[in-house]
Amino acid sequence: MLFGFSHLLVYYVVFCVCNICIKYKKNPDSTFSQLPKTPQQPRTESEWENSFTLKMFLFQFVNLNSSTFYIAFFLGRFTGRPGAYLRLINRWKLEECHPSGCLIDLCLQMGIIMVLKQTWNNFMELGYPLIQNWWTRRRLRREHGEKAKASFPQWERDYNLQPMNAYGLFDEYLEMILQFGFTTIFVAAFPLAPLLALLNNVIEIRLDAYKFVTQWRRPLPSQAKDIGIWYGILEGIGILSVITNAFVIAVTSDFIPRLVYAYKYGPCAGQGRAGEGCMLGYVNASLSVFRVSDFERRSQYRTNGSELFGQAVKFCRYRDYREPPDSAEPYAYTLQFWHVLAARLAFIIVFEHMVFSIKTLIAYLIPDLPKDLRDRMRREKYLIQEMMYEAELERLQKEKNEKKNKDRVQNKEWP
């Protein structure tokens, strides 16, 4: 319930900000653009585009990824334990993960995003211009008759198509960057994401080709040195994906608790191996014991279970590493909990350092520019500098000769 309210709040804020940005895009001369200049106002069109791109990306990224980050790292982390649940305003209990773990919920969420959301985006990208062009053709038939369109020249038929938005290419870039984020950030939880992204891109290439050729007017070309700030955004997503996947493997999944049990607490403890049979008893070791009579008053059970088991249930189990109720410190964290926590932190540090080291090595071994192209660029730069040097030297020599001739003429005129 708390997450639903916060998610609606995020949607409302993003909706308001996007409406302001869209209004400014459509009417740059409005009162919004006539506000006093501030130090944050970009000086050039390129700086304005980079600023606008970064802000819009952050809005869309937070809006679309808030649910996945919540499920991966916050869902069920702060609920407390049986008998001492944490409640909002001392009333509402916070929601918990599925009994099998939060990784299943995250996997389902990613599957819905990668399948349904991408399908809906493709449908809207193609359906909107189709409906608009159908309405335009209907209007032309009503104004000029049924056979009027066949008599139109090609340029007039093209003019009746939908005009491409000034930021149409920006929308295409934004869609691909967001898809790249979905594909890489939680790939450890949903390994099918790259395959689904590939299939979606193969379909979208054909849909975009059909849309550009038959539904939109021909866009005006413009020169660009590179992809601009999108390259920095891709670099940031790559770094974030490494850190996020490290936390997903270490915190969200049961990979680390299983390793700790296999090497430290299982039947193969102290043998330096984790083969077959070393995970016997893991489920029992990952569950803690709770005395039913210790439930808080608002969590009291409606039945004692005698109708199912023939006798009243006195104890139940839950996922955690806590001491039993009869110990010296009831429900305190066990030593296994701290071992698992230390192993998780160590895995995160080792994993991210290893991946970043491999990335740096690959970037060093495979440069952005081939060696022959880099040599040609250096040669061209050297020739340009030499031409500039020779031109400057020729100019100075010419000025020197003109000055010498002028002095010679003045000396001849001297009586």
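Modeller: Helices here are DSSP runs of H or I with at least four residues, and strands are runs of E with at least two. Please keep in mind throughout that this is a predicted model. With those terms, the chain has 13 helices and six strands.

Biologist: Why is the pair Cys268 and Cys278 called a disulfide?

Modeller: The cut-off is that the two cysteine sulfur atoms lie within 2.5 Å, and those of Cys268 and Cys278 are 1.9 Å apart, so the pair qualifies. The structure holds one disulfide. Both cysteines sit in the loop between helix H9 (255-265) and helix H10 (282-285), 10 residues apart.

Biologist: Why is that disulfide of Cys268 and Cys278 described as left-handed?

Modeller: The torsion about the S-S bond is about -80 degrees, and the disulfide is therefore left-handed.

Biologist: Which label, buried or exposed, applies to Cys268 and Cys278, and why is Cys107 called partly exposed?

Modeller: Cys268 and Cys278 are both buried. Buried means under 20% relative accessible area and exposed means over 50%, with partly exposed in between; Cys107 has 27% relative accessibility, so it counts as partly exposed. By that reasoning Cys316, with a relative accessible area of 26%, is partly exposed as well.

Biologist: How do you know that Thr252 is buried, and what does Thr252 touch?

Modeller: Thr252 has a relative accessible area of 7%, and because the limit for buried is under 20%, the label follows. Thr252 is found in helix H8, and, leaving aside residues up to four places away in sequence, Thr252 touches Ala72, Phe73, Arg77, Cys102, Leu103 and Phe247. Across the chain, buried residues make up 28% of the 415 residues.

Biologist: Which residues of H9 are buried, and what do they pack against?

Modeller: The buried residues of H9 are Ile256, Pro257, Val260, Tyr261 and Ala262. These pack against helix H8 (229-252), H10 and helix H12 (335-365).

Biologist: Why are H3 and H7 called roughly parallel?

Modeller: Helix H3 (residues 102-144) and helix H7 (residues 193-215) pack at an angle of about 5 degrees, with their axes 10 Å apart. Angles under 35 degrees count as roughly parallel, and H3 and H7 are therefore roughly parallel to each other. Residues making the contact include Met114, Gln118, Asn122 and Glu125 of H3, and Ala193, Ala197, Asn200 and Glu204 of H7.

Biologist: Which residues of H7 are buried, and what do they pack against?

Modeller: They are Ala193, Ala197, Asn200, Glu204, Asp208, Lys211 and Gln215, and they pack against H3 and helix H6 (168-185).

Biologist: How much of the contact in the chain is between residues 24 or more positions apart?

Modeller: Such residues account for 72% of the contacts with a separation of 6 or more. As for the surface, the accessible area of the chain comes to about 29,300 Å², of which 63% belongs to carbon and sulfur atoms.

Note on methods: Residues numbered from 1 in each chain as written. Predicted model: local features only at pLDDT ≥ 70, side-chain atom pairs only at ≥ 80, totals over all residues. Heavy atoms only, no water. Buried < 20%, exposed > 50% of the residue type's maximum accessible area, 1.4 Å probe, protein only. Contact = heavy atoms within 4.5 Å. Areas by Shrake-Rupley, 256 points an atom, 1.4 Å probe, with all protein chains shown as cover. Axes fitted to C-alpha atoms, helices over the stretch in contact; angles between N-to-C directions. Parallel < 35°, antiparallel > 145°, perpendicular 65-115°, else oblique.
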